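Thanks for asking me to look this over. Here are my notes, in numbered points, to read alongside the model.

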Amino acid sequence: MNWSEKFYNKNEKPLDNLVGGYSNTSIFRKIAFIGDRMDTDIIAGIESNVDTVLVLSGVTSREDIGKFPYRPKYILNGVGDIVKNVNK
């Protein structure tokens, strides 16, 4: 299994350790935080300086995005769209 095939969630590993250990490598450019909450998942990605993907199949709706002073890099309708967009 290579890095492109690994998935982590915020409850599984300390994300600071995961991201921090790769911040000066080519792997770092392949990391993205994916989540359904602007106030936790997306802000965590932004603060970690990695790409962010908001999926609209959970807590945050498209209408809610404007309530925040920051934006995810990508917005997808649901987690099923992740696989469709991986190689784009």
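1. A cut-off to start with: a residue counts as buried under 20% relative accessible area, as exposed over 50%, and as partly exposed in between. Please also keep in mind that this is a predicted model.

2. How do the rings of F68 and Y70 sit against each other? The count of aromatic pairs is one. In it, the ring centres of F68 and Y70 are 5.6 Å apart and the planes make 50°, so the pair is tilted. The label follows because planes under 30 degrees apart would count as stacked and planes over 60 as edge-to-face.

3. Now the overall layout. The protein chain has three helices and three strands, and along the sequence these follow the pattern α-β-α-β-β-α.

4. The strands form an open sheet in the order β1-β2-β3, and the pairing is parallel. At the edges are β1 (32–35) and β3 (74–76), each of which pairs on one side only. On average, neighbouring strands in this sheet are turned by 20° against each other, with direction ignored.

5. Looking at one pairing in detail, β1 joins β2 (residues 51–55) in the parallel sense through four bridges.

6. Which strands does helix α2 touch? Helix α2, residues 38–47, packs on the sheet and touches β1 and β2. The direction of helix α2 makes about 160° with that of β2.

7. Is D41 buried or exposed? Its relative accessible area is 10%, so D41 is buried. The D41 side chain also reaches the backbone nitrogen of D36, at 3.1 Å.

8. Finally, some totals for the protein chain. Of its 88 residues, 31% count as buried. The chain exposes about 6,200 Å², and carbon and sulfur atoms supply 50% of that area. As for contacts between residues at least 6 apart in sequence, 23% join residues at least 24 apart.

Methods
Residues are numbered from 1 along each chain as its sequence is written. This is a predicted model: local features need pLDDT of at least 70, side-chain atom pairs count only at pLDDT 80 or more; totals for chains, interfaces and linings use all residues. Side-chain values use heavy atoms; hydrogens and water are left out. Two strands pair if DSSP finds at least two bridges between them. Helices (H or I, at least four residues) and strands (E, at least two) are DSSP runs, numbered from the N terminus. Axes are lines fitted to C-alpha atoms, for helices over the stretch in contact, and angles run from 0 to 180 degrees between N-to-C directions. Contact means heavy atoms within 4.5 Å. Buried means under 20% relative accessible area, exposed over 50%, partly exposed in between (1.4 Å probe, protein chains only). A polar contact is a pair of N or O atoms within 3.5 Å; within protein, one must be able to donate a hydrogen and the other to accept it, and residues adjacent in sequence count only if both atoms are side-chain atoms. Rings of Phe, Tyr and Trp (its six-membered ring) pair if their centres lie within 6.5 Å; planes under 30 degrees apart count as stacked, over 60 as edge-to-face and the rest as tilted. Accessible areas come from the Shrake-Rupley method with a 1.4 Å probe; for residues, only the protein chains shown count as cover.
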